[in-house]
Amino acid sequence: MNIHEYQAKRLLKEFGAPVSEGRAVLAANEAEKAAKELPGPLYVVKAQIHAGGRGKGKFKEASAGEGGGVRLAKSPEEAAEFAKQMLGATLVTKQTGAEGKQVGRIYIENGSDIETELYLSALVDRGTGRIAFIASTEGGMNIEEVAEETPEKIITVQIDPATGCMPHHARRIAQALGLKGATAKQCGKLIPTLYKAFVEKDMSLLEINPLIVTKTGDLLVLDAKVGFDPNALFRHENILEMRDKSEEDPMELKASEFDLSYVKLDGNIGCMVNGAGLAMSTMDIIKHYGAEPANFLDVGGGATKEKVTEAFKIITTDPAVKGILVNIFGGIMQCDVIAEGIVAAVKEVGLDDPLVVRLEGTNVEKGKEILANSGLKITPADDLEDAAQKVVKAVQG
Ligand code: ADP
Ligand code: MG
């Protein structure tokens with residue numbers, strides 16, 4: 001789960017990290033008052049969407065004015081004008097895709113005098129099973145590009161969970177960032193603060209790009225992106241409250257309501273599978289036969305008829321889907337229940353695309369019989385390979 005920049009900054013501030021003063025606003029008429037509460041004299045108006053690259057982004061609507069999703073204002077009145085232009089408009093950045101994202105919240109922040117922009121992030125390194133800090137002097141830009149072109153400018157510091165964050169970790173990061181004197185000392189405080197926030201809040205990613213050094217030599221978190229481990233959210237009610245459902249993929253949101261694991265992908269073959277491992281191999285075999293899956297969808301071990309119907313609806317409402325492969329192994333789940341679910345779903349939502357069904361396991365004969373007698377145009381398949389070949393052929397003509 002991700003949160004907005006202003007929420008991430010509020011959270012980091014609670015742990016004692018240095019962030020600027022700012023106000024989040026939901027309506028244009030709150031903006032001027034919010035800006036007037038800040039010290040000034042410069043104000044930065046920032047569109048809050050769950051995507052980066054806002055500064056270099058562009059709005060679709062001409063009414064949103066020139067400039068991207070991060071704008072510098074010289075007065076509270078100008079800040080309010082920018083907020084009014086951006087609210088409700090659609091911001092397109094490198095990370096949003098061409099369709100962009102509608103701006104529903106604005107963050108008005110005090111403007112900073114920037115000396116240098118640095119990059120700092122923390123993540124879970126799955127290779128070592130440790131939290132790692134990534135630091136670079138090349139802040140404010142696309143870190144993927146820096147990694148590609150000048151990888152020597154990125155350093156990684158792994159934290160051993162047995163010792164936790166130690167002063168030498170922070171010293172190495174300060175050195176990599178080229179910090180000296182009082183600024184390096186501030187870094188010595190910031191790193192353990194961030195580590196503590198990361199661990200206590202079960203974060204999966206904490207990215208500060210940029211972390212700045214101000215003209216007075218102070219460190220300041222100027223942008224913050226935070227993601228949380230979804231499996232740990234049950235113990236963080238106050239984080240769950242920050243969830244902004246309007247930022248999430250509507251189909252993924254619907255799937256989560258029915259407790260289905262669904263991830264939208266770029267291909268055109270919709271998959272409905274039970275079990276994450278089987279779902280992965282189904283995707284692999286579709287790719288093996290030259291096509292691309294439109295989604296990952298695991299209906300789970302004990303799916304009911306209703307769950308199967310909802311899963312089916314989610315797949316068929318995706319306009320990219322040109323064919324559907326249902327691949328079910330009836331272990332705990334019974335094939336006849338699945339078959340009934342499929343028939344009910346097709347009758348309810350209709351079916352324009354070819355549908356290939358492979359059933360195996362408990363009550364498989366009963367399941368196949370239900371499908372065969374349904375009068376629906378369903379292509380049965382005997383095994384995984386047969387199923388994948390049939391659906392790929394049907395989609396590719
Ligand atoms: P994004 O990464 O989505 O483009 P950022 O928050 O990183 O958004 O802002 C982009 C750039 O705008 C920063 O790299 C920085 O140069 C400038 N900026 C952002 N916030 C402030 C601020 N409070 N004061 C001065 N400049 C800012
Ligand atoms: Mg940024």
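**Close-up views of the ligand and annotated sites**

An oxygen atom of ligand 1 is 2.7 Å from a side-chain N or O atom of Arg 54. This is a predicted model, in which local features need pLDDT of at least 70 and side-chain atom pairs count only at pLDDT 80 or more, while totals for chains, interfaces and linings use all residues. Residues are numbered from 1 along each chain as its sequence is written, chains are lettered from A and ligands numbered from 1 in the order in which they are written, and side-chain values use heavy atoms, with hydrogens and water left out.

**View 1. Surroundings of ligand 1.** The side chain of Lys 46 places an N or O atom 2.7 Å from an oxygen atom of ligand 1. From Gly 55, a backbone N or O atom lies 2.8 Å from an oxygen atom of the ligand. Taken alone, ligand 1 exposes 540 Å², of which the protein buries 83% (accessible areas by the Shrake-Rupley method with a 1.4 Å probe).

View 2. Asn 209 (O) and Asp 223 (OD) coordinate the magnesium ion at 2.2 Å; donors are N, O and S atoms within 2.8 Å of the metal (3.2 Å for Na, K and Ca), and sites may look incomplete because water is not among the atoms. Asn 209 belongs to strand 11 (residues 203-214) and Asp 223 to the loop between strand 12 (219-221) and strand 13 (225-228), so the pair ties together parts that are 14 residues apart in sequence. The UniProt annotation "binding site", from an unreviewed entry, covers Asn 209 and Asp 223; such annotations may be inferred rather than shown by experiment, and their positions are given in the numbering used here, with feature names shortened.

View 3. Asn 209 counts as buried, at 16% relative accessibility (buried is under 20%, exposed over 50%, and partly exposed in between, with a 1.4 Å probe and protein chains only). Beyond its neighbours within four places in sequence, Asn 209 is in contact (heavy atoms within 4.5 Å) with residues including Leu 118, Tyr 119 and Asp 223. A polar atom of the Asn 209 side chain lies 2.6 Å from the backbone nitrogen of Gly 140. The side chains of Asp 223 and Arg 54 are joined by a polar contact of 3.2 Å.

**View 4. A second annotated site.** For "binding site", the unreviewed UniProt entry lists Asn 274, Gly 331, Ile 332 and Met 333. These residues are spread over 60 residues of sequence yet cluster in space, with a largest C-alpha distance of 10.3 Å. Gly 331 is located in the loop between strand 17 (323-330) and helix 11 (335-349), and is partly exposed, with a relative accessible area of 39%. Met 333 is located in the loop between strand 17 and helix 11, but is buried at 3%. Among the residues in contact with Met 333 are Asn 274, Val 299 and Thr 362.

Conventions:
Helices (H or I, at least four residues) and strands (E, at least two) are DSSP runs, numbered from the N terminus. A polar contact is a pair of N or O atoms within 3.5 Å; within protein, one must be able to donate a hydrogen and the other to accept it, and residues adjacent in sequence count only if both atoms are side-chain atoms.
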